[in-house]
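Let's take a walk through this protein chain together.

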Amino acid sequence: GDRRQLGLYAASLARRGYIAFAIEYRLAPKHPWPAQWEDVRDAVIYVRSEAKKLGVDPDRIGAVGYSAGGHLASMLAVNGAKETSASAPKISAKVSCAAAGGAPCDFSQMPLDNNFLKYWLGATRKENPDVYLHASPLQQVSNIAAPTFFYNGLMDFMVRPNSAADVSNSLKKLGIDTAQHLVPGAGHITAALDEKALTKAWAFLDKHLKPVGPKPPVAESAKPAPAEAATTGK
């Protein structure tokens, strides 16, 4: 919820040449779902609508988050292209890619009478099954989803890697670029700053967000011989 929580991520990305925005969103139980989604969605719409002023390419926006933020980054990947806001009905929250760490991605299998998420989703799954589906990135995957990289600690007992793996597999079936990196021995907190995981995540962002420049001209001496010259001879 607090922009300072991912300040290290933002600074790391800025050093790689990105314009990084560390954003905030409202927290439950004072603000139940979908307040968090609306805030993150509207932040992307704001960046896109103000892209010229901010020096941003509106067609190359990515999302990064960890834990609850990873869940929201995943939501942007699968749902952002479908979403607009009342203040900007013609501008979507589409992202070109996402990197989601420690992300819970499916709440649709919660026990029907379990109260664990009631403070956030406003009901048990028995009382309102639709809200559990709407809040689950896995249940929103379609062929317009953005490429997404997941990273999870193998010893994360708070958010198991399974639902992120299910999203990744669903994206693969649709031909959408995706991968999951598992951090051996890492729990929920330690995986957040795992150097190898972040190196892979940032490389995934580079792949989808950094422009590819024109290829340098090939020197005459490096050009292959014409086919007829290469294949004739006695």
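First, some ground rules. This is a predicted model, where local features need pLDDT of at least 70 and side-chain atom pairs count only at pLDDT 80 or more, while totals for chains, interfaces and linings use all residues. Residues are numbered from 1 along each chain as its sequence is written, and side-chain values use heavy atoms, with hydrogens and water left out.

The chain has 9 helices and 4 strands; these are DSSP runs numbered from the N terminus, with helices being H or I of at least four residues and strands E of at least two. Reading from the N terminus, the order is α-α-α-β-α-β-α-α-β-α-β-α-α. Along the principal axes, the C-alpha atoms fill a box of roughly 85 × 40 × 30 Å. Of the 234 residues, 44% are buried, where buried means under 20% relative accessible area, exposed means over 50%, and partly exposed is in between (1.4 Å probe, protein chains only). As for contacts (heavy atoms within 4.5 Å), take those with a separation of 6 or more: 71% of them join residues 24 or more positions apart.

Now find helix 4, residues 68-79. Is it enclosed or open? With 11 of its 12 residues buried, helix 4 is largely enclosed by the rest of the structure. The buried set includes Gly69, Gly70, His71 and Leu72. Around these buried residues pack helix 2, strand 1 (62-66), strand 2 (97-101), helix 5 (118-121), helix 6 (129-134) and strand 3 (148-153).

Two packed helices are described by the angle between their axes and the distance between the axes. Helix 2 (residues 35-49) packs on helix 4 at about 65 degrees, with the axes 10 Å apart. Here, axes are lines fitted to C-alpha atoms, for helices over the stretch in contact, and angles run from 0 to 180 degrees between N-to-C directions. From helix 2, Gln36, Trp37, Val40, Arg41 and Val44 meet Leu72, Met75, Leu76 and Asn79 of helix 4.

Leu76 also leads us to Ala145: their C-alpha atoms are 8.6 Å apart, although 69 residues separate them along the chain. Ala145 sits in the loop between helix 6 and strand 3 and is buried, at 8% relative accessible area. Leaving out residues up to four places away in sequence, Ala145 touches Ala77, Val78, Leu171 and Ile176.

Leu171 turns up again among the contacts of Thr178, along with Thr148, Phe150, Ser168, Lys172 and Phe204, neighbours within four places set aside. Thr178 lies in strand 4 (residues 178-183) and is buried, with a relative accessible area of 9%. What does its side chain reach? The side chain of Thr178 makes a polar contact with that of Ser168 at 2.9 Å, and a polar atom of the Thr178 side chain lies 2.8 Å from the backbone oxygen of Thr148. A polar contact is a pair of N or O atoms within 3.5 Å; within protein, one must be able to donate a hydrogen and the other to accept it, and residues adjacent in sequence count only if both atoms are side-chain atoms.
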